Amino acid sequence: MLMSNRELIRVVDLHKYFPVQTGFISSLTSRDGPSVKAIDGISFSIRQGEIFGLVGESGCGKTTTGRTILRLIEPTQGKIYFDDVEITKLKKDELKKYRREMQIILQDPFESLNPKMTIRDLVVEPLEIHGIGENESEKKELVMNALEEVQLTPPEDFLFRYPHELSGGQRQRVAIARALILRPRFVVADEPVSMLDVSIRTEVLNLMLDLKTKLGLTYLFITHDLAIAKYMSEDIGVMYLGKIIEYGNVYEVIHDPDHPYTQALMVAVPVADARIKRPDIPIKGETPQPINIPKGCRFSPRCPYAFERCYREVPELFEVEPGHGAACFLYEEFHSGRIERGRIPSL
Amino acid sequence: MKRMPPLLEVKDLIMYYETMKGDVKAVDDVRFTLEKGEALGLAGESGCGKTSVALAMLKILPYNAKIFSGEILLSGVNILTLSDEEIRKKVRWKRISMVPQAAMNALNPVFRVSEQITEAIILHEQVSENEAKKRTLELLERVGIDPSRADHYPHEFSGGMKQRAMIAMALACNPEIIIADEPTTALDVIVQGQVLKVIKTLQRELGLSMILISHDLSVVAQTCDRSIIMYAGKIAEDASTEELFAEPLHPYSIGLIGAFPSLIGERKRLESIRGSPPNLLDPPPGCRFHPRCPYAREICSVEVPPLLETHKRHYVSCHMVNKHPKYS
């Protein structure tokens, strides 16, 4: 069906800079103080009905990206389209209509649920905010339905309990029910299982996959765990210091990564099989602070393949194979015949 | 000739936490051995008792922890019977030392990193300050920290460097055994890889014995020679890492390993383990895993399964092992 190739979310050249508080005098003398460049110009799109995985280490800007797309944080620059409508400049009341269609599932269900509210109150809250449901019995039915959908069954047993009476996995199900009761089309899932134990994790991931199929959802799935990204997504983007440095089909990116940073990530991820010996990690040092982004390619100080151009210019994403690109000069140079294939690193 | 005792042997250890609501049965009949030069992984989900076992080995238990029975034999000497004074002088730091969980918060922010390591050496060994300082610099270099950074304060270190400094400190008095409790949990994946490499190299080069505690099976799989999987205060399975991950025998190990998404190979739907771990105030009778176990039979809810050796140095505590078609 043609519908399935439609882009539901499109992000164009998105920036988010957080100004850093400086002293009173320096705020008078210079207007442009230092800033944390959490997102530094990213573009991508998510097709209807697909899961786009956004992966990266802590501080790379993946959470800020998720929140900025929902306009929970205002972007500094760039455009966000939802279903071909630009929502970047919409006013609060205009935005509310779209808020119903775009929901978020947060990382920590121990903090995201108000401990003083019952499960019923927590799940009915979104309905009340958006004025859905004619009367109490209709709302109750919607709540029961939502709890059943996330497999908190029988729902009567959960309605009047409090979050502290539930396990971590059950709490995250409540958070999912809260997000889905409004029947959104797009959901940002920000590390939804990183606080859960392994045996519980899989259950929540499978539930999210099943609900995606059942309700025709589109997800932006944010995670630091590449194995989980591989399990969940169709396409992924790898972020490093506020930029997407590689994108493409999840299999291609994980099994045949192009960017030296992605290659290092793949090697560093431990595998639960003692027979597999992993090669050494080719890069040194740690990610710099996003307030002090290196000149040229932001990965150049840690990159074992960096050459002179990398310290001077900022690489843009270059399509290495159809639908799979990396922001690395090596590929551009190779394609224009300036370097030999032997210079291209591979795993 | 009498066989040499293993370097460390934990025998039938039972340790509960006393609370207002009753006893939390955190460690219940745990036994294992650690040989010289061996890297042993202790894996399991949060609350399974893995950290409690480690704390008992150093006798740094919280006030409400009570050891009811068992022995912890270090070269044949039961350290549970030693006085606090003896433990402090002879065991901690010198024979067993620990890299604690959340090591990034374990350094004192108002002292230079080198001062903190030097202090540990001077307190435990009869050496001059100069010798201790020299040793500190050597240790830092060993873990990959440039000696020029030694006099910096912890806030000037990155997360990975703080973790390396904590490893250096654990090595300060040349211990035989290092207990690393979730040493890389708060670190990013590349830094985690670097730190694990440091740990592994040191362990090999210095012939150390190590107990690595982690909730992340893949960290254990890639670092340890032998692995123990704990569930609800008990050992489910104890085997060589290669055997355990290739052919797990306990239904919990099978479930846990099967629930782990892998970076390698094709994507297939993962099976989760139904339910959640029990509350250890009132664990299920019989096998503690039976309410979640797909192979459970009547006996499993009645009798506690013993930890049996199925073949050489492969221990499993499951009634159904060797009985269920899955295992034959």
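1. Start with a hairpin in chain B. Strand E4(B) and strand E5 (residues 77-78) of chain B are joined by two bridges and run antiparallel. Leu73(B) has Asn78(B) in E5(B) as its bridge partner. Two residues lie between the strands of this hairpin, and Ser75(B) takes a positive phi near 45° there. This is a predicted model, so read every value below as computed from that prediction.

2. E4(B) also pairs with strand E1 of chain B. E1 covers residues 8-19 and E4 covers residues 65-74. Eight bridges link E1(B) and E4(B), in the antiparallel sense. One pair to look up in the viewer is Lys11(B) with its bridge partner Glu71(B) in E4(B). As background, strands of a sheet pair through backbone hydrogen bonds, either parallel or antiparallel.

3. Next, the eight-stranded sheet of chain B. The sheet is open, and its order is E6-E7-E8-E3-E9-E10-E12-E11. Its pairing is mixed. Strand E6 (96-99) and strand E11 (308-311) of chain B each have a single partner strand, so one side of each is left without a neighbour in the sheet. On average, neighbouring strands of this sheet are turned by 20° against each other, direction ignored.

4. Which strands of chain B run parallel over five bridges? They are strand E7 (residues 177-181) and strand E8 (residues 209-214). Within this pair, Ile179(B) has Ile211(B) in E8(B) as its bridge partner.

5. Two helices of chain B deserve a look. Helix H3 (residues 113-124) and helix H5 (residues 159-170) of chain B pack with their axes 9 Å apart, at an angle of about 20°. An angle under 35 degrees counts as roughly parallel, so H3(B) is roughly parallel to H5(B). Their crossing is right-handed. From H3(B), the residues in contact are Val113(B), Gln116(B), Ile117(B) and Ala120(B). They meet Ala165(B), Ala168(B) and Met169(B) of H5(B). By class, this contact has six nonpolar residues, one polar residue and no charged residues.

6. Overall form of chain B. The chain has nine helices and twelve strands. Its radius of gyration is 21 Å, close to the 20 Å that the globule rule gives for 328 residues, so chain B is as compact as a globular protein of that length. Along the principal axes, the C-alpha atoms of chain B fill a box of roughly 65 × 50 × 50 Å.

7. Overall form of chain A. Chain A holds twelve helices and twelve strands. A compact globule of 347 residues would have a radius of gyration near 20 Å, and the 22 Å of chain A agrees with that. The C-alpha atoms of chain A fill a box of roughly 70 × 60 × 45 Å, again along the principal axes.

8. Chain A has a four-stranded open sheet. The order is E2-E1-E4-E5, with antiparallel pairing. Strand E2 (35-47) and strand E5 (85-86) of chain A are the edge strands, and each pairs on one side only. Strand E4 (residues 77-82) of chain A is joined to E5(A) by two bridges, and the two run antiparallel. Tyr81(A) stands opposite Glu86(A) in E5(A).

9. How many residues of chain B are in contact with chain A? There are 34, and they contact 32 residues of chain A. On the chain B side, helix H6 (189-205), helix H7 (217-223), helix H8 (241-246) and helix H9 (251-258) each supply at least two residues. H6(B) gives the largest share, six residues. The chain B side divides into 17 nonpolar, 13 polar and four charged residues.

10. H6(B) also packs against a helix of chain A. Its partner is helix H11 (residues 260-268) of chain A. The angle is about 50°, and the axes lie 8 Å apart. H11(A) and H6(B) are therefore oblique to each other. The crossing is left-handed. Ala264(A), Leu265(A) and Ala268(A) of H11(A) meet Val189(B), Ile190(B), Gln192(B) and Gly193(B) of H6(B). This contact of H11(A) with H6(B) comprises five nonpolar residues, two polar residues and no charged residues.

Methods. Residues are numbered from 1 along each chain as its sequence is written. Chains are lettered from A and ligands numbered from 1 in the order in which they are written. This is a predicted model: local features need pLDDT of at least 70, side-chain atom pairs count only at pLDDT 80 or more; totals for chains, interfaces and linings use all residues. Two strands pair if DSSP finds at least two bridges between them. Axes are lines fitted to C-alpha atoms, for helices over the stretch in contact, and angles run from 0 to 180 degrees between N-to-C directions. Angles under 35 degrees count as roughly parallel, over 145 as roughly antiparallel, 65 to 115 as roughly perpendicular and the rest as oblique. A crossing is left-handed if the near helix is turned anticlockwise from the far one by less than a right angle, and right-handed if clockwise. Two residues are in contact if their C-beta atoms, placed from the backbone, lie within 7 Å. Ala, Val, Leu, Ile, Met, Phe, Trp, Tyr, Cys and Pro count as nonpolar, Asp, Glu, Lys and Arg as charged, and the others, Gly among them, as polar. The radius of gyration is taken over C-alpha atoms; the globule rule is 2.2 Å times the number of residues to the power 0.38.
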